[in-house]
Amino acid sequence: MSPSPPHIETRLENGTPVCLRRVTRGDEGRIREGIARMSPRSRYMRFFSGAATPPDWVIDRLLDADGDMHLAWGAIDTSQPDEPAIGAVHAFRDAEDRGCAEFSVGILDDWHGLGLGKILTATLLLEARAEGIARFSMDTLSENRSAIAFARLLGGERTSYDGSVLTYSLDVGTALERLEAAGDPPGIAAVFAAFAQM
């Protein structure tokens, strides 16, 4: 596992302070609570199911981040006493092609539109690049317009469509260049600065 910051402090567009850190087994309660707090539509868009509680195997997969085959970062709202999880991002490396990983990001509804998705994605992309991952594969429902727009923003190219699910291929270097050049949201600068010091 390549060195990366143990945690990153930054702020969302509305000034909310957040802490970004790797997901660990100790985060099970936060993950379960966060998923339960998502709207049925958001759960459907993220997990392709609106169930309030995903199967245990899904939770176990999200928690099983080893820093090699599975990279995962979460965001915690440090302005609240209980410091709830408000978003997470994951990359699952392809066992047959270690230069490629499956990418996903999930943000709780109340924090949509505040730049958290871009901040978490930049964090994951930077760690992925350090780990030798050059490409991300991203699946999204064809009705998920915001995810499609995000994939395109990152330079993603559509590689397949089965009638309901679109798959995009993202070049890690290109996506990082686009996020850094945009400098939006402002809080993303703290992510690039933290990794630059490593």
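There is one cavity of 30 Å³ or more in this predicted model, a cavity being a set of points, on a 1 Å grid over the protein atoms alone, where a 1.4 Å probe fits but cannot get out. The lining of the largest cavity has 20 residues, and I31, A85, G87, A88 and G106 lie nearest its centre; lining residues have an atom within 4 Å of a point. At least two lining residues each come from α1, α2, β3 (70–77) and β4 (85–94). Helices (H or I, at least four residues) and strands (E, at least two) are DSSP runs, numbered from the N terminus. By class, that lining has eleven nonpolar, five polar and four charged residues. Ala, Val, Leu, Ile, Met, Phe, Trp, Tyr, Cys and Pro count as nonpolar, Asp, Glu, Lys and Arg as charged, and the others, Gly among them, as polar.

A word on conventions. Residues are numbered from 1 along each chain as its sequence is written. The model being predicted, local features need pLDDT of at least 70 and side-chain atom pairs count only at pLDDT 80 or more, while totals for chains, interfaces and linings use all residues; side-chain values use heavy atoms, with hydrogens and water left out.

Next, the largest pocket. A pocket is an open set with protein on both sides within 12 Å along at least five of seven lines. The largest one has a volume of about 1,100 Å³ and is lined by 41 residues, with M45, R46, V105, G106 and N144 nearest its centre. Two or more lining residues come from each of α2 (40–47), α3 (56–63), β5 (97–107), α4 (116–130), β6 (135–141) and α5 (145–153). The lining divides into 21 nonpolar, eleven polar and nine charged residues.

In strand β5 we find S104. Is S104 buried or exposed? S104 is buried, at a relative accessible area of 14%; buried means under 20%, exposed over 50%, with a 1.4 Å probe and protein chains only. The side chains of S104 and R46 make a polar contact at 3.1 Å, that is, a pair of N or O atoms within 3.5 Å, where one must be able to donate a hydrogen and the other to accept it, and residues adjacent in sequence count only if both atoms are side-chain atoms. Leaving out residues up to four places away in sequence, S104 touches R46, A88, V89 and H90, contact meaning heavy atoms within 4.5 Å.

T140, in strand β6, is buried with a relative accessible area of 2%. Among the residues T140 touches beyond four places in sequence are F48, A147, I148 and Y168.

Last, helix α6, residues 172–182. V172, A175, L176 and L179 are buried there. Why are they on the same side of α6? Because they cover an arc of only 100° around the axis, taken from the directions from the helix axis to the C-beta atoms. On the other side, E177, A181 and A182 are exposed. The cover over the buried residues of α6 includes α4, β6, β8 (165–171) and α7 (188–196). D171 caps the N-terminal end of α6, with a side-chain oxygen 3.2 Å from the backbone nitrogen of G173. Just after α6, G183 takes a positive phi of about 60°.

Technical notes. Grid points are joined across faces, edges and corners, and a volume is the space filled by probe spheres set on the points.
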